Amino acid sequence: MLEEESKKIPESYNLQQAFEESGVKEVLDELDRDLIGLQPVKTRIREIAALLMVNKAREEMALTTAKPSLHMSFTGNPGTGKTTVAMRMAALLHRLGYVRKGHLVSVTRDDLVGQYIGHTAPKTKEMIKKAMGGVLFIDEAYYLYRPDNERDYGQEAIEILLQIMENNRDDLVVILAGYADKMDRFFTSNPGFRSRIAHHIDFPDYTDDELLQIARKMLEEQNYRFDKSAEQIMKKYIAARRNQPHFANARSIRNALDRAILRQANRLFKQNRDLSADDLSTVIEEDIAASRVLKSTDSTNQKE
Amino acid sequence: MKLTQGTFSYLPDLTDEQISKQVQYCIDNGWAVNLEFTDDPHPRNTYWEMWGLPMFDVKDAAGVMYELNECRKVYGDNHYIRLTAFDNSHGWESIRLSFIVNRPKGEEKGFRLERQEVDDRKIRYTTHSYATDKPAGERY
């Protein structure tokens, strides 16, 4: 008691300074640098960060603040970076002092739902306990709910989650992720979930330009690069790939690049000459042009 | 008679906040926290019932506190609950910290000294817990 009384309330609070000192700025800048596109997501994360910074300032000034609920749902098509952002989110919330540990526990239906009666609750609670102090990330959350089977144990997991999300709000943040349409159906049949989640963040598809940037970045990370003509053909590839079935944004690009690198290795191997570091790290036009996607731009039902 | 066993036993009972800090200390040291309960508090009764499994993967004290509260809901009224921290590192492989986190709501009945006269008028001493005069589950 004495300590609290003697604690001085500062006259003013410099938000910018606190922002820079807390290391939040670093995480946000990193987010801007490393993640291409995703503007609405970044904006929302900045808003959340601002809210938490202001709350911290209010606390310093001894103004009462209710801890905001930060459960989130990430919806978007495959390969739009939901998991990547969730990982960053855990680090960010830790820097902001919202969660105590800042680790991410990533689970799917299998980890939460048991196989027989009485198996689900301990399993779900086990995962929740692991995630306490950090973030519980439930990938493809809609699989928890199977409307066709009313005896499905998923319902039990959902009930426990709802209860924990309400009662242990201070201890963990739950992030649900999944494809937009299925998540919508999931929320419609579980209205409790929708109302307990304050932040519904939608991950937009990447534009062709953004995907090209992502491709360049992915290659850079592995110490590869495109030459001029390869970049042109990659552009064409992205445009063509988008119209084919099972397009998974950045993930499709990653797969395409993996195959291009494979072809590059093959090409170099066949050349049978002395190679420079440059040769070894350049992906040229024909490595990408050999892709089936480009050969069959007309027939849409062919696989990659 | 207040039962004194384990660390902190001569201090007033720890508050939940204090327990939580001790738990975090254990976790930060890499010890697995475990909850046990009994209604037979004889000092030689070392094997208490376990509440679930030792919590090896929990990173934050909140997870342990959650289980402690669950355990209290079931056994809190008439059992002792203690918290032990197990160090699995080589050379220790044993409990590093153990303290009582819950006492039965009823009177703590304590122990009496029993004398047994044996051959040559020797006396054997033993402690007897009043609680165990009643069957398990009805003791507090």
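Reader: How many residues does the contact take from chain B and from chain A?

Author: Two residues are in contact if their C-beta atoms, placed from the backbone, lie within 7 Å. By that criterion, chain B contributes nine residues, while the number from chain A is ten.

Reader: Which element of chain B gives the largest share of the side that touches chain A?

Author: Helices (H or I, at least four residues) and strands (E, at least two) are DSSP runs, numbered from the N terminus. Four residues of that side of chain B, its largest share, belong to residues 61–75, that is, helix 2 of chain B.

Reader: How do the residues of the side of chain B that touches chain A divide?

Author: Ala, Val, Leu, Ile, Met, Phe, Trp, Tyr, Cys and Pro count as nonpolar, Asp, Glu, Lys and Arg as charged, and the others, Gly among them, as polar. The division is four nonpolar, one polar and four charged.

Reader: On what basis are these values given, and how are residues numbered?

Author: This is a predicted model, in which local features need pLDDT of at least 70 and side-chain atom pairs pLDDT 80 or more, whereas totals for chains, interfaces and linings use all residues. Chains are lettered from A and ligands numbered from 1 in the order in which they are written, and residues along each chain, as its sequence is written, are numbered from 1.

Reader: In what order do the elements of chain B run?

Author: Chain B has two helices and six strands. From the N terminus on, their order is α-β-β-α-β-β-β-β.

Reader: How are helix 3 and helix 4 of chain A oriented to each other?

Author: Axes are lines fitted to C-alpha atoms, for helices over the stretch in contact, and angles run from 0 to 180 degrees between N-to-C directions. The axes of helix 3 (residues 24–34) and helix 4 (residues 39–60) of chain A come within 11 Å and cross at roughly 175°. Angles under 35 degrees count as roughly parallel, over 145 as roughly antiparallel, 65 to 115 as roughly perpendicular and the rest as oblique. Helix 3 and helix 4 of chain A are therefore roughly antiparallel.

Reader: Which residues of helix 8 of chain A are buried?

Author: A residue is buried if 20 or more other C-beta atoms lie within 10 Å of its own, exposed if 12 or fewer, and partly exposed in between, with C-beta atoms placed from the backbone. The cover over the buried residues of helix 8 of chain A includes helix 7 (120–131) and strand 4 (173–178) of chain A. The buried residues are E156(A), A157(A), I158(A), L161(A), I164(A) and M165(A).
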